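Please load the model in your viewer and keep the selection panel handy. We will go from the whole chain to single residues, one stop at a time.

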Amino acid sequence: MRTRTLAGSVEALNPFEHPAVAGAHAAALRSIAREVTENAAPQPSDVAREGILGMLRGGSVLVLTGAGVSTASGIPDYRGPQGSWRKHRPMTYQEFRHDPAARHRYWARSYIGWRHLNRAEPNRAHRLLARLEATGHVAGVVTQNVDGLHAAAGTQQLVALHGDLDRVVCLNCGNLEGRTNLDERLAQANPGYAEAVAHDPATVNPDGDVELDSRWVARFVMVPCLVCGSDMLKPDVVYFGEGVPAERKERATAMLAAARGLLVLGSSLAVMSGFRFVLDAARDRKPVGIVNQGPSRGDSRAVWRWRADIGEALEELSGAL
């Protein structure tokens, strides 16, 4: 928190009193709280499956994935049927950047949660998508997930729209550091900490942290940036209240422009960064198919709407192709 001197006294400045920061934070909270409800009825499974099969047989389909693709790898989703959104609110970018206590709390919790996320392996959905790309049915993948599992499964044409938890960026100087290296430094600064903290892997949140008692947060020691010494280290992912980098937007938009259609897998499309692809595809009269276990914000604009488990749906589609 910054300070200013007035007539010889020091007065704290609350960054959330700044209109731009407060406005962005409020918008982020609205996005987090958005509840996706039915806006178009799903179709019978056989009808939707045949429609999406037709899209894939034509080839060059861009796939947009969300958290529902990674749940079978043990990574929880946010708004799905078992999602965490009613009990856990992710931190906004404004909180992370302007509140040192919130940033410290995040890293204490994330240090524990990373042990679980870092062990996650690609599941059949990731592997089948990589195979469909290799056969030309899928042109590439734009993912809203930050777990790196599409790359690990072998997808080549890939845009991680919201970044990757595997990297850390310094908000002060811009230095990038691998998360594994940071984790080793944190382990040296906090000997025995991870072993002493008891937690249930099922409590790991989609953004990679876990609930911790305040006494464990207070005991945690954060390490500084290797270049400038700042404590303003942040996972290289897009937080609520933060914009997607222009280069990623441009690459993903170009992929959609070159594709024959859009297939959304495992996403409620609650945030605009993902929903805009459905809007753009519909505007350009490209067919949109959506496979999700619950309602999606894009359902009313989709030609095909299939409520199904993502892995099972891709098994059926791949087998039929």
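**Before you click.** This is a predicted model, in which local features need pLDDT of at least 70 and side-chain atom pairs count only at pLDDT 80 or more, while totals for chains, interfaces and linings use all residues. Residues are numbered from 1 along each chain as its sequence is written, and side-chain values use heavy atoms, with hydrogens and water left out.

**Stop 1: the whole protein.** Switch to a cartoon and you will find 12 helices and 11 strands; these are DSSP runs (helices H or I, at least four residues; strands E, at least two), numbered from the N terminus. Now colour by accessibility: of the 321 residues, 51% are buried, where buried means under 20% relative accessible area, exposed over 50% and partly exposed in between, with a 1.4 Å probe and protein chains only. For contacts (heavy atoms within 4.5 Å) between residues at least 6 apart in sequence, 73% join residues at least 24 apart.

**Stop 2: the cavity.** Rolling a probe the size of a water molecule over the atoms shows where empty space is left. How many cavities of 30 Å³ or more does a search of the whole structure find? There is one, and the largest cavity has a volume of about 30 Å³. A cavity here is a set of points, on a 1 Å grid over the protein atoms alone, where a 1.4 Å probe fits but cannot get out; lining residues have an atom within 4 Å of a point. Grid points are joined across faces, edges and corners, and the volume is the space filled by probe spheres set on the points.

Select Ile290, Asn292, Gly294, Asp299, Arg305, Trp306 and Arg307 to see the lining of the largest cavity. Strand 10 (288-292) and strand 11 (304-307) are the elements that give two or more residues to this lining, and strand 11 gives the most, with three. By class there are two nonpolar, two polar and three charged residues; Ala, Val, Leu, Ile, Met, Phe, Trp, Tyr, Cys and Pro count as nonpolar, Asp, Glu, Lys and Arg as charged, and the others, Gly among them, as polar.

**Stop 3: strand 10 and its partner.** Stay on strand 10, where five of five residues are buried. Val288, Ile290 and Asn292 point one way, and Gly289 and Val291 the other. Valine 264 has isoleucine 290 as its bridge partner in strand 10.

**Stop 4: strands 6 and 8.** Next, select strand 8 (residues 233-237), with five of its five residues buried. Strand 6 (residues 163-170) runs antiparallel to strand 8, joined by four bridges. Glycine 163 has valine 237 as its bridge partner in strand 8.

**Stop 5: single residues.**
- Leucine 117 lies in helix 4 (residues 100-117) and counts as buried because its relative accessible area is 12%. Its C-alpha atom is 9.2 Å from that of serine 73, 44 residues apart along the chain.
- Leucine 269 sits in the loop between strand 9 and helix 11 (272-283). Its phi is near 60°, a positive value in a residue other than glycine, and leucine 269 is buried, at 0% relative accessible area.
- Arginine 285, in the loop between helix 11 and strand 10, also has phi near 60°. Is arginine 285 buried or exposed? Arginine 285 counts as exposed because its relative accessibility is 79%.

Terms used. On a 1 Å grid over the protein atoms alone, a cavity is a set of points where a 1.4 Å probe fits but cannot get out, and a pocket is an open set with protein on both sides within 12 Å along at least five of seven lines; lining residues have an atom within 4 Å of a point. Two strands pair if DSSP finds at least two bridges between them.
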